[in-house]
Amino acid sequence: MSYENVLLDEIEAGIWVLTVNRPHALNALNSATIADIGAALQAVAANAAARVLIVTGAGEKAFVAGADIKEMSAFSGVQGQDFSRRTMAVFRSLETLSIPTIAMVNGYALGGGNELAMSCDWIIAGDNAVFGQPEVGLGVTPGFGGTQRLTRLVGRARALELILTARNVKAAEALTLGLANHVYPAAELREQVLKQARMIASRGPLAVKLGKEAVQRGQDLDLDNACQFEAQVFGLCFSTADQKEGMAAFIGKRPAAFRGE
Ligand code: HXC
């Protein structure tokens, strides 16, 4: 399946890359691109052999430089709210994809770009990356979940500072804020992300998915219920062939050959 504004490739067995592909506009997210991202995510979700998804932007300069300001400039209030809701649904489908997702931030991740990156499980950035929520400088608030996900990721005071000043943050500061998990020289970014993706793809696929689900669901529960959920998930693992294979491989001193069953 091909998309107008997105590339979707399986670069190695089970390792998928979704590239936002509007480099002439620094990959700005217009409605068509949001729809393409949604459709590409559905395709990945339907692929039982997918193990990990990397999300990135085309070109050397930008991950995604935000929502498309040219499209938004003539919006009515109703259109703005509709754009926000449609995109939030797509970003939520990214966040709740059953397999791990890594944002490979290769340049500007501003506004909707930072919100896209934060909808992935974690962010790995090149040393040329620039993060920010510039919306208040345009007379609007963040609208793709930024006020909520940034707050959960870096804490209330830091999120407020970034959103209300609209100042940009370079990769090194993003690392200290906990926005990015790792920063690598831009030339090494792809290989480093791939290394992590291969690591994930080599683990027990069902355990990886259940581990993600436990962390995500647990975040919205109190500790007792969250730990209860973890116990259920842990128990469920023992009904899988992957658990038998993983433990037999350890005891037999050989690498595990997981089948995701
Ligand atoms: C539309 C954009 C764009 C955007 C860049 N472009 N960002 N078009 N929407 N968000 C276009 C430019 O208009 C230009 O097109 C081309 O991409 C190259 O960009 P330049 O500005 O010439 O590049 P440069 O001088 O290097 O500056 C890079 C930049 C700057 C600092 C990233 O482009 C910039 O500030 N962009 C806007 C960033 C921003 O405010 N993002 C938040 C948007 S609001 P032409 O045709 O002139 O060559 C948002 C809200 C989300 O995301 C919630 C909505 C509900």
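## Cores and sheet of a predicted model

The largest nonpolar core has 47 residues, and those with the most contacts inside it are Leu18, Leu53, Phe63, Val105, Ile123 and Phe131. Helix α1 (residues 31-45) gives the largest share of this core, five residues. A second, separate core of 13 residues includes Ile15, Val52, Ile102 and Val208. A nonpolar core is a set of buried Ala, Val, Leu, Ile, Met, Phe, Trp, Tyr and Cys residues joined through side-chain atoms within 4.5 Å. Buried means under 20% relative accessible area (1.4 Å probe, protein chains only).

This is a predicted model: local features need pLDDT of at least 70, side-chain atom pairs count only at pLDDT 80 or more, and totals for chains, interfaces and linings use all residues. Residues are numbered from 1 along each chain as its sequence is written, and side-chain values use heavy atoms, with hydrogens and water left out.

Leaving aside neighbours within four places in sequence, Leu53 is in contact (heavy atoms within 4.5 Å) with residues including Trp16, Leu18, Leu41, Leu94 and Ile102.

An open sheet of six strands runs in the order β1-β2-β3-β5-β7-β10, with mixed pairing. Strands pair if DSSP finds at least two bridges between them. Helices (H or I, at least four residues) and strands (E, at least two) are DSSP runs, numbered from the N terminus.

| Edge strand | Residues |
|---|---|
| β1 | 6-12 |
| β10 | 182-184 |

Each edge strand pairs on one side only. Strand β3 (residues 52-57) and strand β5 (residues 101-105) pair in the parallel sense over three bridges. Here Val55 stands opposite Ala103 in β5.

Notes. Buried means under 20% relative accessible area, exposed over 50%, partly exposed in between (1.4 Å probe, protein chains only).
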